[in-house]
Amino acid sequence: MDVYAKLKELNITLPPVAVPVAAYVPFVRTGNLVFLSGHVAKKDGKPWVGQFGKDMTTAEGPAAARAIAIDLLGTLHAAVGDLNKITRIVKLMSLVNSTSDYTEQHLVTNGASELFAEVFGKDVGAHARSAFGVAQVPMGCCVEIDLIAEVG
C-alpha cells in the first residue's frame, strides 16, 4: 500500500515541520530508528488549549490526538524523505492534560493510534503505547504525543 495514496484518500495534506519553541530538535535518527519530539494539539493553527475532566470531554479527545498524528506524519516525512520507507510505528507516548480524577486518557489517544493503523496498515501502523494523565502540557494544550518509528 502506498502511504501517500492513502493520505490522499483520507484528504490529509502533510504539514511542514514545526519550528521548535525550546531547546530541542524536531527529530533524531539513529540507526533504523527515528525519534520524534513531542507535538502538541493544534486547532486552526493555534494551540488547542483545554483540560479533560474540566473543560473538555472525552468525545473531543480523539480529534485532538488525530490532529497531532497528522503533524507527526509531516515531521516523520521530513525525517525520512519517504513515508513508504517506514517499516513500523514502534511506540507512541501520549500526555493528556487532565484533572486528577479523569481516567479516559487511553480513549483520547485512540485518535492518533487509529490514524497510524489506517495510514500504514495494521502490520506497520500497530504500535506499543503509553497514555498518561498529566497536570499540564506546554502552552496549556490538551494533548502532547511523541513517536518512535523504524525505517527500512
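Author: What follows starts with the pocket, then turns to the cysteines and one lysine. Keep in mind that this is a predicted model.

Start with the space itself. The largest pocket has a volume of about 330 Å³. Its lining is made up of 17 residues. Which of them lie nearest its centre? They are Val21, Tyr24, Gly38, His39 and Val40. Strand 2, residues 33-40, gives the largest share of the lining, with 4 residues. Now sort the lining by class. Nonpolar residues number 11. Polar residues number 3, and charged residues also number 3.

Next, the cysteines. A disulfide is a covalent bond between the sulfur atoms of two cysteines. How many disulfides does a search of the whole structure find? The count is 0. Take Cys141. The closest cysteine sulfur belongs to Cys142, and it sits 6.7 Å away, so the gap is too far for a bond. A disulfide needs the two sulfur atoms within 2.5 Å. Cys142, in turn, is in no disulfide.

Last, Lys6. This residue is in helix 1, which spans residues 3-9. Lys6 counts as buried because its relative accessibility is 16%, and the cut-off for buried is under 20%. What does Lys6 touch, leaving out residues up to four places away in sequence? Its contacts are Met1, Glu118 and Val119.

Definitions and conventions: Residues numbered from 1 in each chain as written. Predicted model: local features only at pLDDT ≥ 70, side-chain atom pairs only at ≥ 80, totals over all residues. Heavy atoms only, no water. Helix = DSSP H or I, 4+ residues; strand = E, 2+ residues; numbered from the N terminus. Buried < 20%, exposed > 50% of the residue type's maximum accessible area, 1.4 Å probe, protein only. Contact = heavy atoms within 4.5 Å. 1 Å grid on protein atoms, 1.4 Å probe; cavity = no way out; pocket = protein on both sides within 12 Å on 5 of 7 lines; lining within 4 Å. Points joined across faces, edges and corners; volume = space filled by probe spheres on them. Nonpolar A, V, L, I, M, F, W, Y, C, P; charged D, E, K, R; others polar.
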